[in-house]
Structure formats: C-alpha cells, structure tokens
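Hello,

Here is the structure you asked about.

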Amino acid sequence: MTTAKSNLQIDSARLWGDIHETAKFGGTPKGGVKRLTLGPEDKQVRDWFRKACEAAGCDVSVDALGTMFAIRPGRDMSKPPIGIGSHLDTQPTGGKYDGILGTLAALEVVRTLNAAGIETDIPICVCNWTNEEGSRYAPAMMASAAYAGDYTTEDILGRKDADGITVAEALDTIGYRGADPVGKQKFSAFVELHIEQGPLLEAENKTIGVVDRGQGIMWYDGTIAGFASHAGTTPMPLRKDALAAFSEVVLAVERIARDHGPNAVGTIGEIRIDNPSRNVIPGDLNFTVDVRSSESKTLDSLHSAIQSAVAEIATRRKVSIDLKQIWRKEPTVFNAALVDAVEAAAKDMGYSYRRITSGAGHDACNLATVIPAAMIFVPCKDGVSHNELEDATQTDCAAGANVLLHAVLALAGVSSEAKSEN
C-alpha cells in the first residue's frame, strides 16, 4: 500500500530484469553466481555497469583501487554528491542479490529521476566498491576501508590472492586500475541498500529493515605446528596432532561466542592441512577465525578469551599455535538523521519496517566513520546468503529501491511539491 506522497516509484520489472541479466556473469549450474573480485566475470559485469550508467547520463570515473563512481549532475555541482550503491563481486558460491541489488537499485534511482524529469539540488553518485566480499583478497570491504583511511592504497595494491596475484596485477589485467587517487570522490552522505542476509525481517513479516547499527568484526589468521608422523606406528600419547588440536580450537571459539551471546558470533570458515595424507598424522595447518559483536567491549572480551583458550590448548597438546588478528572493524553507529530519513521514506511508502542491526559488514559501515551513512535492508528467503540458494522477491527488491529513491529525494534537496507533481 502506498500513499499520495509515494506516487514516484522505480520500474520494478526493469530492476528485476537487470538482476537476472547480470546474474549471467559468473552464473553457476545451481542458480547462484561465482564472480570473484577482479576476475574475468567481474570485468564483464563492470563493463555492463559502466555502459548502463553512461546510458543513464552519468559520468563514470574509476579510482586507483577500481571503485567505480557514476555521477548524475545536480543543480549545485559545488556540493558533494549523495552516494548510493554497493558492490558487484560475490562469494565463490554466491547468490544473485548480495551486493548487486544495492548497485542496480541505485542505477534504477537515477533512471527513475531521469524519466520523471527531476533535477536534484545535490548530485547523485552511483558506486561499485571493489572487493566487498573478501573471498579472493583480504580484508573484505578493502576499497571502502582504504577510502576511510584504514589502509593505504599501496598496502591494498600489494595484497595477494591464493595464487600470489596482487590486487595491482588483477586490476591491470581487467583494465580497472583508475587514475584517480582513493578519496578524491567526496560525498555529502552515503546510503546502501542490501538484502538482510539474516532471518529477522522474514520472520516478523517486515518489508524494510531500517539499519541503525552494524556489528564489529575481528578476523584472525591462525597456524598450528605439530609433528607429522606415521598414523599406524605413533602411539597416541606421543602424538603432536595439529588437526586434533585444531578441533579443540573450533569448539573453543564456538563455546566462547555462545558464552557471550546473544550479542556475539564466532566462526572458523577455512582450514588447510599442509601435505595431507590418509596415513600421516597432520603436522601443520592454517585456519581463519571470524568473530563479531555489536559492542566494542564484547569484542575485547572475545579476543582475550579466545587467545587464552588457544594458549591452553597449545600447551596441553604440545603443539605451537599462532593466532594473529589481521583486521578489526569497530561496531558501526549509523548517522541518526540519515536513519530517520530512511525510516520516514519507508513510512511514507506504506511499507512495514523495523529498526535492525546489521550482522554482516558492509561498505557503508566503513564509510560511516568518515561521512554520514545509513543502510536499508530487505528480506531474503530463510535468511540465507553467501549461498547459491540465496533468494529474494521482486516485490521486496522493488520496495527497497523505492525507499532508497525517496530517502535520496529527501537528502538531495528536492521539495515535496516537486515530488508530488511527478
């Protein structure tokens, strides 16, 4: 149900068509998308996105880390634009909506304003941030993190993937290392639309999540050095089994996260055994840890507890465990005025909504440390994301895009009279 104020709406069919067209770039047999950052499929979708933005009258620029900025002019070009958008890369077994919904919805906002003949006071900038997912290069959200000053451009360009290819080399390969320095593009504010990636909106039958906070994140790289020996001849008491020790680390991370619940989660998502063999006791392995909470003090407590548990396991198991924190992102508190603008847009459009905390990290979380930022969530089926089964409805995607549209109108200096006339 919509109100008289909400007669301007995006083209739902066009947005839905774009979502499914771009899903062909890296499409998987199971209906998902594998579009790793700065790979050939990423180049394909970037080229598509550039052409679509230029066709919508935008001037597209690219910075040194490959982030794309498409500017729709406003009446006053001396004012920094309102940034909208998200990312185009996916997980290795990703879905059709994570990231790209926000990017395509931002493009759809521009197209809708063009069709309605609306000129905003403040320019609008549609963004595609490089390597949000972090599946090929660490850290996740690296381009927005560099924009926020958390890393230097040189640091990020030197990061390597599992095959030893640097970010700089990958950018050059696909032709997306831009000339503009990171941070050159300024913003008045930034608003990002995204699927929730969790179950709350669907469970409560809410259409819009008005995101007011984001969880803090800590990432760790770990190694365990035991002693590789014969599986049949080494007595159990004499073993230094790296994998057995690792199993205790997994359970310790789970236990510690539960003990700090419900305001904490912890995950070990990767393990690699060096030179694995069926009849050899694992001697060395590498693993990762992901820990999150919406409270900074809880992150501190989680860190201390995990390090203590790891030290105890190493001593008792007679192995060496090195657990290094490679990234910490503090919890995000989004700009109150922008959050209110999103809520007002949802209310004016007649959508059901609720305030919500983002369990996942997003580019908007990094940007919120240097510019006013906010986020909009829409439901995804069963809360599933980072999976080929990820799904969302056309109606919900359009609702999120409409809220984005009207939040942008409120922020970009378009009067209510101008909106009602269109």
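Domain bounds here come from an automatic or database domain assignment. On that basis the chain splits into domain 1 (12-214 + 331-412) and domain 2 (216-329). This is a predicted model: local features need pLDDT of at least 70, side-chain atom pairs count only at pLDDT 80 or more, and totals for chains, interfaces and linings use all residues. Residues are numbered from 1 along each chain as its sequence is written, and side-chain values use heavy atoms, with hydrogens and water left out.

The C-alpha centres of the two domains are 33 Å apart. Contact means heavy atoms within 4.5 Å. By that rule, 16 residues of domain 1 touch 12 residues of domain 2.

Buried area is the accessible area (1.4 Å probe) that two parts lose on being put together, summed over both. Between domain 1 and domain 2 it comes to about 940 Å², with 60% from carbon and sulfur atoms. Tyr 151, Arg 213 and Pro 331 supply 39% of what domain 1 buries against domain 2, more than any other three residues.

A salt bridge is a side-chain nitrogen of Lys or Arg within 4 Å of a carboxyl oxygen of Asp or Glu. The count between the domains is one. Glu 295 forms a salt bridge with Arg 213, and their closest N and O atoms are 4.0 Å apart.

On the side of domain 1 that touches domain 2, eight residues are nonpolar (Ala, Val, Leu, Ile, Met, Phe, Trp, Tyr, Cys and Pro), seven polar (the others, Gly among them) and one charged (Asp, Glu, Lys and Arg).

Best wishes
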